[in-house]
Amino acid sequence: MIHRKSAPQSATSIDESPEDDETARMKRYVIMMVVRTACVVLAFAVQPWGWQTFLFGIGAVFLPYIAVVLANQVRASATTSAVDPRRAISAPEAQDFTDDVHDVIRVEETPGDEKRPAA
């Protein structure tokens, strides 16, 4: 799998592939669990206990819940909208057909035309 620094330009309004979405969610989960592990270690390692220990303890307790919620959240907000292709196409100038009245061919039928034999 090739990882790019910037997202490629989208030619369609297709969403991110499920595999890429799952990979991004797993990376976020693993990073949050590493931060949680660091919080647990620091909560016991920092002496004397104080406000830092309290913050590390809160991180150790609540980060798993936040990590699971974010890992189970499918990216619905990252959908791209379709670009209207007509925006890029310039409309032709409006033509004035009032002067072309003489170029129109009109065909009129009379009631007896369908009975004549074809020559």
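Helices (H or I, at least four residues) and strands (E, at least two) are DSSP runs, numbered from the N terminus. This is a predicted model, in which local features need pLDDT of at least 70, side-chain atom pairs count only at pLDDT 80 or more, and totals for chains, interfaces and linings use all residues. Residues are numbered from 1 along each chain as its sequence is written, and side-chain values use heavy atoms, with hydrogens and water left out.

Residues 53–71 are 100% helix and 0% strand, with end C-alpha atoms 27 Å apart. In an unreviewed entry, UniProt lists residues 29–47 and 53–71 as "transmembrane region". UniProt positions are given in the numbering used here, feature names are shortened, and annotations may be inferred rather than shown by experiment.

The chain as a whole has 2 helices and 0 strands. How are two such helices described? Two packed helices are described by the angle between their axes and the distance between the axes. Here the axes of helix H1 (residues 18–45) and H2 come within 8 Å and cross at roughly 165 degrees. Axes are lines fitted to C-alpha atoms, for helices over the stretch in contact, and angles run from 0 to 180 degrees between N-to-C directions. H1 and H2 are therefore roughly antiparallel to each other; angles under 35 degrees count as roughly parallel, over 145 as roughly antiparallel, 65 to 115 as roughly perpendicular and the rest as oblique.

Between H1 and H2 lies a loop that contains proline 48. A cis peptide bond joins glutamine 47 to proline 48, with omega about -10 degrees.

Threonine 53 belongs to helix H2 (residues 51–72). Is threonine 53 buried or exposed? Threonine 53 is buried, because its relative accessible area is 12%; buried means under 20% relative accessible area, exposed over 50%, partly exposed in between (1.4 Å probe, protein chains only).

Phenylalanine 44, in helix H1, is by contrast exposed, with a relative accessible area of 61%. The C-alpha atoms of phenylalanine 44 and glycine 57 are separated by 8.9 Å, and these residues are 13 residues apart along the chain. Across the chain of 119 residues, buried residues make up 10%.
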